[in-house]
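Subject: Structure handover

Hello,

Here is the structure we talked about handing over. Please open it and keep it beside this email while you read.

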Amino acid sequence: MSTKNFLFVNRKTPYGTVYALEALEVVLISAAFEQNVSLAFIDDGVYQITKGQNSKETGMKNFSPTFRALGDYDITKLYVSTESLAERGLTVDDLMELTYEDADDDYAEKPSIILVNREEMAAMMAEQEVILSF
Amino acid sequence: MKYTILVNEGPYQHQSADTALQFTRAALEKGHEIFRVFFYHDGVNNGTRLSVPPADDRLIQKSWSELAEKHGLDLVICIAAAQRRGLMDADEAKRQGLDANNIAPGFRISGLGQLVEGGIQSDRLVVFGD
C-alpha cells in the first residue's frame, strides 16, 4: 500500500461536541496504515492540547492523555496556529508538553508541537495529499 | 477522478448531509468513480432504515440506498460511531443480544480503517461536515 501525506485538521473544542474525540480515533487508526500523518490545531482546536484539562463536570471523558501517546505511534508533527493561540490569550506554555523519541537521533526526546503562522500553515497544507477536517 | 466521500453530519440536521448526496450523484453523472462513501460522527444516521420523514419531505436515507443499488456504491458506516448512536446490522444486533436492527439497504458497517484506505486509494477525499 502506498504512503501518502495525511493531515488531520482539528478546529473544535475538545468537549461540548464529539468531533475532537472521534477525530482522535481516526488519527490512531491511521497510524496502523503506516502513512505520513500530521495534525493541525486551528481555531478552537488549540484547546484540545491545553494542559490541565478537567472535563469531570461536563460528563465527557477527559481524553487529553491520549495525545501523549501519539509519539509512540510515530505521529510526531503537531502544527499549532500561533494566531489561534494568540486570539484566545494562550501561549505555548498553556499546551501539554508533547514529545517523541527520535529513532534517527539515538532516541532523543524532541517536541512534537510545531508553532506555525497562517502562511506557514498554508504552505504545510499545500504539501498534503489527504486532508481531513474535524 | 476517483473519489472517497466522508459524511460527518446527520440527515435533516445539517445541509452537508444533503450536499454530500448531491455531490456524489453529480460526480457519478459526470463519469467519475466513487471508491467509497464513509459515514462518521452523526453522519452514521444517514444509514438508518427506520427514518420516516413527513410525506412531503425528501428521503435522504432511501436516496443513498437507491444510488448505491444503481451504481454499486460502497456505503460504509463506522462501527464505533454507529454503536454509540444505536445503529445495528443484523449480525451485530444478535451479538449484542438486541431485538432489532436498522441498517438501510446498500449500507454496511465496518471500521475506520475503511476511511483511511479510502484516502490512500482515491485521488481525492472530500469531507462534508461542519
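This is a predicted model: local features need pLDDT of at least 70, side-chain atom pairs count only at pLDDT 80 or more; totals for chains, interfaces and linings use all residues.

Residues are numbered from 1 along each chain as its sequence is written, chains are lettered from A and ligands numbered from 1 in the order in which they are written, and side-chain values use heavy atoms, with hydrogens and water left out.

The two chains

Chain A has three helices and seven strands (helices, H or I, are DSSP runs of at least four residues, and strands, E, of at least two, numbered from the N terminus). Read from the N terminus, its elements follow the order β-α-β-β-α-β-β-β-α-β. Its radius of gyration is 14 Å, close to the 14 Å from the globule rule for 134 residues, so chain A is as compact as a globular protein of that length (the radius is taken over C-alpha atoms, and the rule is 2.2 Å times the number of residues to the power 0.38). Along the principal axes, its C-alpha atoms fill a box of roughly 45 × 30 × 30 Å. Of the 134 residues in chain A, 46% are buried (buried means under 20% relative accessible area, exposed over 50%, and partly exposed in between, with a 1.4 Å probe and protein chains only).

Chain B has five helices and five strands, in the order β-α-β-α-β-α-α-β-α-β from the N terminus. For its 130 residues the globule rule gives 14 Å, and the radius of gyration of chain B is 14 Å, close to that value, so this chain is as compact as a globular protein of its length. The C-alpha trace of chain B spans about 45 × 35 × 30 Å along its principal axes. Buried residues make up 51% of chain B.

Where the chains meet

How many residues of chain B are in contact with chain A? There are 21, and they are in contact with 22 residues of chain A (contact means heavy atoms within 4.5 Å). The two chains bury about 1700 Å² between them, 61% of it on carbon and sulfur atoms (buried area is the accessible area, with a 1.4 Å probe, that two parts lose on being put together, summed over both). On the chain B side, His41(B), Val116(B) and Ile120(B) lose the most area to chain A, together 32% of what that side buries.

His41(B) sits in the loop between β2 and α2 of chain B. It counts as buried, at 1% relative accessibility. Leaving aside neighbours within four places in sequence, its contacts include Val18(A), Tyr19(A), Glu22(A) and Phe134(A) in chain A, and Asn8(B) and Arg85(B) in chain B.

Aromatic rings

Over all chains, a search of the whole structure finds ten aromatic pairs (rings of Phe, Tyr and Trp, the last by its six-membered ring, pair if their centres lie within 6.5 Å; planes under 30 degrees apart are stacked, over 60 edge-to-face, and the rest tilted). One of them joins Phe134(A) and Tyr40(B), with centres 6.3 Å apart and planes at 80°, so this pair is edge-to-face. It crosses between chains, from the segment after β7 (130-133) of chain A to the loop between β2 (33-39) and α2 (60-71) of chain B. Both Phe134(A) and Tyr40(B) are buried.

Tyr3(B) and Phe23(B) form an edge-to-face pair, 5.6 Å centre to centre with 85° between the planes. Tyr3(B) is in strand β1 (residues 2-7) and Phe23(B) in helix α1 (residues 15-29) of chain B, so the pair ties together parts 20 residues apart in sequence. Are these two buried or partly exposed? Tyr3(B) is buried, at 13% relative accessible area, whereas Phe23(B) is partly exposed, at 28%.

In chain A, ring pairs link Tyr15(A), Phe41(A), Phe63(A) and Phe67(A) into a cluster.

One more residue

Asp102(A) is in strand β4 (residues 99-102) of chain A and is buried, with a relative accessible area of 14%. Beyond its neighbours within four places in sequence, Asp102(A) is in contact with Tyr107(A), Ala108(A) and Lys110(A).

Regards
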